[in-house]
Amino acid sequence: MKTDTDIGDTRPAEGVERGPRHVAIIMDGNGRWAQARGRPRLFGHHAGARRVREVVECCPSLGIRYLTIFAFSTENWKRTQVEVAGLMSLFRRYISKEMKALAAQNVRVRFIGDRVRLDKKLIALMDALERETEGNEGTQLTIALNYGGRDEVARATKRLARDVADGKLDPADVDEETLPKYLDTCVLPDPDLVVRTSGEARISNFLLWQSAYSEYEFIDTLWPDFTAEELAALCRSFGARDRRFGAVKT
Ligand code: IPE
Ligand code: IPE
Ligand code: MG
């Protein structure tokens, strides 16, 4: 399987050897943040989008090589038409506005999730941002947009079944190494640390397969209030954890 070693430099920054290399964030709490201020939910989404830049920028100093952020789930279509349309327009604006800055920071951007339901203009911008940052070897930023872990596994299984039907894959060879090759995240390592803001202790269909052995942090901060300092503190406490992966230390 392709791993991060194919993607470029994997050296951690000095002094952060024990920190997480791949952090995935469920950016939750925008709506409540806005409501607490007597403002519409979209006001919170705009404030949330503005937090992303600082978090991306602090990654190199924290030794975070991969950052994956949950922007829109396959379940979020259940929201009002006004909120969904507002979010889609925010994504378009975010990509157009941040394209230059991300490229200048040597950030490579990838999107995961199913594009089929997204509008053509947004898909074109996503393609452009991926293309524009393709050669960048700094922070590997993955944006989960219309992403659901179950949907991803179902789409992967469909492709795998097609390969079996076409005689390209022997069912006897299907194992834990095979399936992830069909996932949207096939070029990424599994997340070391998954953070969810806003006090909810659930994963809401995020990276189901990939987070089997991730460390979790559920914090009360609402996403628009999240800071680089808070991420640094989470990375420090990650460094103190004992990851056993089922084994017993001798
Ligand atoms: C997270 O914030 C952003 C998206 C799901 C798009 P929410 O919109 O879920 O905010 P809360 O949870 O309602 O406060
Ligand atoms: C998860 O948050 C999805 C994103 C952050 C994009 P939700 O707010 O949609 O999750 P639930 O509904 O509280 O589980
Ligand atoms: Mg929420």
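This is a short talk on the overall fold of one protein chain and on one of its residues, Thr68.

Okay, ground rules. This is a predicted model, where local features need pLDDT of at least 70 and side-chain atom pairs count only at pLDDT 80 or more, while totals for chains, interfaces and linings use all residues. Residues are numbered from 1 along each chain as its sequence is written, chains are lettered from A and ligands numbered from 1 in the order in which they are written, and side-chain values use heavy atoms, leaving out hydrogens and water.

So, what's in the chain? We've got six helices and six strands; those are DSSP runs, H or I with at least four residues for helices, E with at least two for strands, numbered from the N terminus. Walk along the sequence and you read β-α-α-β-α-β-α-β-α-β-β-α. The C-alpha trace spans about 60 × 45 × 35 Å along its principal axes.

How much of the chain is buried? Of the 250 residues, 49% are, with buried meaning under 20% relative accessible area, exposed over 50%, and partly exposed in between (1.4 Å probe, protein chains only).

Now let's zoom in on Thr68, which sits in strand β2, residues 66–73. Thr68 counts as buried because its relative accessibility is 2%. And what does Thr68 touch? Leaving aside residues up to four places away in sequence, its neighbours include Val23, Ile112, Thr142 and Phe206, where contact means heavy atoms within 4.5 Å. His22 is also one of those it touches, and the side chains of Thr68 and His22 make a polar contact at 2.7 Å. That term means a pair of N or O atoms within 3.5 Å; within protein, one must be able to donate a hydrogen and the other to accept it, and residues adjacent in sequence count only if both atoms are side-chain atoms.
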